[in-house]
Amino acid sequence: MKAIILAAGKGAHLSPFSDTRPQPMIGVAGRTILDNSLDLLKSSGINDIFVVVGHKREKIIEALQEHDHDGLNIHYVEQKQSRGIGNAVMQVKNKISPGEYFLLLYGDILTADNIFSKIQQSFHAFKSPVASICLPPSNQQFGNVFLNAQMDITKIIEKPKSNNLGNYVLAGVFILPASFFELLESTGASMEKALKKLVAGEGMRASMWEDEWLDVVHPWEILTANKMIMDSWEQSSIAKTATLESNVTLQGIVKIEDEVLIKAGAVIEGPCSIGRGSYIGNNSLIRSYTSLGKNCEVGSGVELKNCVVMDNTQIGRLSFIGDSVLGENVDIGSGCMTVNRSVDWKPISVRNGKGPTTSSGMSKLGAFLGDEVVVGAGNMIQPGTVVHSGKIIPACYSVTHK
Amino acid sequence: MCGISGVVGLKNISELLFEGIRNLEYRGYDSCGVALMNKSNLIIKKDIGGVEDFYRKHNVLRQKSNIGIAHTRWATHGKVTQGNTHPFTSRDGNFAVVHNGIISNYRPLRDSLMKEGYKFSSETDTEVIAHLLEKFFKRSRNPEKALVKTLGLIEGTFALAFICTYLPGQIFCAKRESPLMLGLGDEIKFVGSDFNAFIDHTKNAVILDDGEYAILSRDSYVVKSILNEEEVTKPITKIEWDSETSKKGGYPHYMLKEIYEQPQTISNALDLEPSGLDEVVDMFAKTDSSYFLGVGTTFYVAKYAQYIFSELAGKFIPPISSDEFLSLANIDKKTLVFAMSQSGETFDTLSALKHTQAKGGKTAAIVNVMGSSMARMVDKVILQGSGPEICVISTKAALSQMVILTLLAMKLGLKRKVITKKTYQENLKSLKDLPAIIQGILNERSGFIHRIANKYCKNKNWLYLGRGIYYPIALEAALKMKEVAYVHAEGMPGGFLKHGTLAMIDDEISSIVFVPPKENKELYQSTLHSIEEIRARSGFVLGIHFTEQGKNQDLFNEELILPNVPPLIAPLIQLVIGQLFAYFTATSLKRNVDKPRSLAKSVTVG
């Protein structure tokens, strides 16, 4: 079976991280969401993969070339203009033969266990179109998929108006027939309408997914995703070429890649992952659920806690970064703090650009710094702050020469 | 788009090949064909139509063979005719080929083959492959070399497989762009367009890459590159698969499937032959000494029966747990013992019934499994018709039994003039609405129950509280929690709190309260009173209650609000919530839902 991954969307809510990369290229627990999906697809027996690319497509193409996905045939299909999900699906129309069924996956979906095996098993049983459904982690995402006892989907309400509806939602993984393209054409490429038509016509069955599932929409959900994957880890791995100096303490599950250097006195409390070529300075404390990308530099005496740090980022000495996400090539000067809670412990709100303020529902949350952000030494960053890519924040001095 | 399946094994593989190709039928179903081998003669069968029709029409399963390839076709080149159906044989009949894909240069190839004297029987692109194989075999006398030579000539896309009389124990296959994978079993090998072709028999697959070919025999396989004929080391992909899944029909567990089947099983219960129920009602009417009998879940069903018979039929019928029956029951010739059992094989209940019969008492039962010991031994049996209950935890069978008991109580009440015809009709209407209401709750509220279960799954202790008929509901819901989630849950009447249990209330013990609808004024008030007692001691309360009860925000720490329903069916609906709460707690705790520890489906030992 062929799989189609939709990876062309802009994912505006995920700004600043989605400004400079497609959503599925966001790294959690040391790997991108796309890598995670490709691995699961492969172990579910699928190796012909079409990735619909658009926004920042070069990032995907470069990464997959560099990355060794042994045994996967990956093809790219470009969606020239960002015109919605239905239109993205239409781009692969000529790759699917009449009568063929294909697996469709929304690129921002993350699961730890194999949702693709599960849906193929359901398909194996039903031999008809199937949609994975799941119960979302928060009430805000509730939609409503109505079922009968035979798992026929009888009705889909994507965004219920009533608060009394709280049930299974479409999990963003489908097995659909080639005739679905005709439904898309007849509905002006509206995914929602085409699915409703499919339900009313040929019919669609549901495959229930009960394990963890996440649709990474908001920046703080990167942290949730990171935790979800790390919680599924079963064993540590430390590369042979990694160097751990004397008196380095490792606790819990840690993944340390090639050529990492951890200086004396550092404490790593798993689950943590430290990407290839990264440097951890003396007496640093890397607390649980920290994911460091490749070639990161962490100065001495730094404390990191529950944070995702992407490749080539530097964190200056004596800083604290907690409950935060840092993009690539971020440069944090020494002695910076991400404050991660309000005095009253109320959930932290996040204001992304000019958009409205959204409550994260989390009482502990730090900052979101886009790629190439520079934070001068001595800054104290307010909880829930978003700093857009490339912004330079001057150092903060209490004593100057003037 | 076509499907290819092939099997080579030690014994007759005809059946396996049939299963394999039938599982690929979704890839095309215009026509179907197979090639099998009898000693070293090829047997070819093909026809238009679907796989099963084709097999029946041509009696294909009668052909015995230890090697075979099959094809189900979706026409691309050539019309849907028997002649255009795969497999195709070479001129001399020694090669049989199936193919998925499009040979883009088949016209020039066909023209030159025709000049050499090869005759074509079809309009398809595939036939050239069969003839090319023969042609190149004649030069090299080696099927593998013939394959490589052929693949070098054809352009376009393919996944193909062939068998030949020269090496009757080997399947040759190759792939470019169209999908193909190998399935590796012990003394048996498979090839298929995807793993649907063999997943029921092996989970070890080798996924071929473009430009590779493979040779399979029952005990070995080799994958090589078409380009240089060098062997390629391929990783074995272990396909994660749960062979039970197809039986579970998309549900993750039988328990959830059976919870979702309840609207149907309740409808079945309401459609039971009235005369059978009336006979049982007569039995109850004739005696003043009767008992309800059950154990485990069915004891709580029996307790529910006690309440509903008291309410609707004005009759006091004590429930007895089967294991305690001998110590409690006083049996004479007038005594009626009415038992409930899903399996009809429950040891304790059977013993109690035997004892009753030995003393000359009458027996009757509600049983799910037809032909079971209990169904055969009692004087009168009601077969509840809930269908097989596979999960060890009883859900649909118990709820259906409660519905049947409600119906019996109504009938007896009418007969004894405890309820009016009008009340009877109203109650019947409420029962008939029950399936749709449960369906609605499953479809609209599951998410809330899931979220709450997820949030509190780490709680170690629960008190399940209910008053009146909600007390057996609390007991049964608590038992579900114990059975499936292994969490301590204690069912208790609300009135017990102030007789000692309140001393237990602290932050380590949480309470679930089944709140009746407001129409049941006294029960409602007394239940609220219990809640206040807990809250006054800072205990945590999860309230399961019905809408339109006004704002209860301050009453509960957490609440599950249900739509307003008639009071008769309110407890049954709350039980469904209890089932789901236990189920989602168990999945959050990653329990083995369908086969929980320390429990068997029918307890047939004493």
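Helix H14 (residues 396–415) and helix H15 (residues 421–456) of chain B have axes that come within 10 Å and cross at roughly 170 degrees. The model is predicted, so local features need pLDDT of at least 70 and side-chain atom pairs count only at pLDDT 80 or more, while totals for chains, interfaces and linings use all residues. Residues are numbered from 1 along each chain as its sequence is written, and chains are lettered from A and ligands numbered from 1 in the order in which they are written.

- Axes here are lines fitted to C-alpha atoms, for helices over the stretch in contact, and angles run from 0 to 180 degrees between N-to-C directions.
- Helices (H or I, at least four residues) and strands (E, at least two) are DSSP runs, numbered from the N terminus.
- On the H14(B) side, the residues that meet H15(B) are Val403(B), Thr406(B), Leu407(B), Met410(B) and Leu414(B).
- Their counterparts in H15(B) are Lys421(B), Tyr424(B), Asn427(B) and Leu431(B), where contact means C-beta atoms, placed from the backbone, within 7 Å.
- An α-helix has 3.6 residues a turn, so residues three or four places apart point the same way.
- By residue type, the contact of H14(B) with H15(B) divides into six nonpolar, two polar and one charged.
- For these classes, Ala, Val, Leu, Ile, Met, Phe, Trp, Tyr, Cys and Pro count as nonpolar, Asp, Glu, Lys and Arg as charged, and the others, Gly among them, as polar.
- Lys417(B) is found in the loop between H14 and H15 of chain B, and has a positive phi of about 60 degrees although it is not a glycine.
- Lys417(B) counts as exposed because it has 9 C-beta neighbours inside 10 Å; the cut-offs are 20 or more other C-beta atoms within 10 Å for buried, 12 or fewer for exposed, and in between for partly exposed, with C-beta atoms placed from the backbone.

**Where chain A meets chain B**

- Chain A and chain B put 40 residues each into the contact.
- Helix H4 (115–126), strand S9 (144–147) and strand S12 (205–209) of chain A each supply at least two residues of the side of chain A that touches chain B.
- H4(A) gives the most to that side, with six residues.
- The side of chain A that touches chain B divides into 15 nonpolar, 20 polar and five charged residues.

**Strands around S20 of chain B**

- Strand S20 (residues 461–466) of chain B is mostly covered, with five of its six residues buried.
- S20(B) runs parallel to strand S21 (residues 488–493) of chain B, and six bridges join them; two strands pair if DSSP finds at least two bridges between them.
- Opposite Leu463(B) stands Glu490(B) in S21(B).
- Together with helix H16 (residues 470–485) of chain B, S20(B) and S21(B) make a right-handed β-α-β unit.
- Right-handed means that, with the strands pointing away from the viewer, the path from the first strand over the helix to the second runs clockwise.
- S20(B) also pairs in the parallel sense with strand S22 (residues 509–514) of chain B, over five bridges.
- In S22(B), Ile509(B) is the bridge partner of Asn461(B).
- Ala503(B) is found in the loop between S21 and S22 of chain B, and counts as exposed because it has 8 C-beta neighbours inside 10 Å.

- Eight strands of chain A form an open sheet with parallel pairing, in the order S15-S18-S21-S24-S27-S30-S35-S38.
- Its edge strands are strand S15 (243–244) and strand S38 (392–393) of chain A, each of which pairs on one side only.
- Within that order, two bridges join strand S30 (residues 331–332) to strand S35 (residues 374–375) of chain A, and Asp331(A) stands opposite Val374(A) in S35(A).
- Helix H7 (residues 221–231) of chain A is largely enclosed by the rest of the structure, because nine of its eleven residues are buried.
- The buried residues of H7(A) include Leu223(A), Asn226(A) and Met230(A).

**Backbone details worth a look**

- Most residues other than glycine have a negative phi, and most peptide bonds are trans.
- Ser15(A) and Pro16(A) are joined by a cis peptide bond, with omega about 10 degrees.
- The peptide bond from His86(B) to Pro87(B) is cis too, with omega near -5 degrees.
- Ala29(A) has a positive phi of about 50 degrees although it is not a glycine, and counts as buried because it has 25 C-beta neighbours inside 10 Å.

Methods: Two residues are in contact if their C-beta atoms, placed from the backbone, lie within 7 Å.
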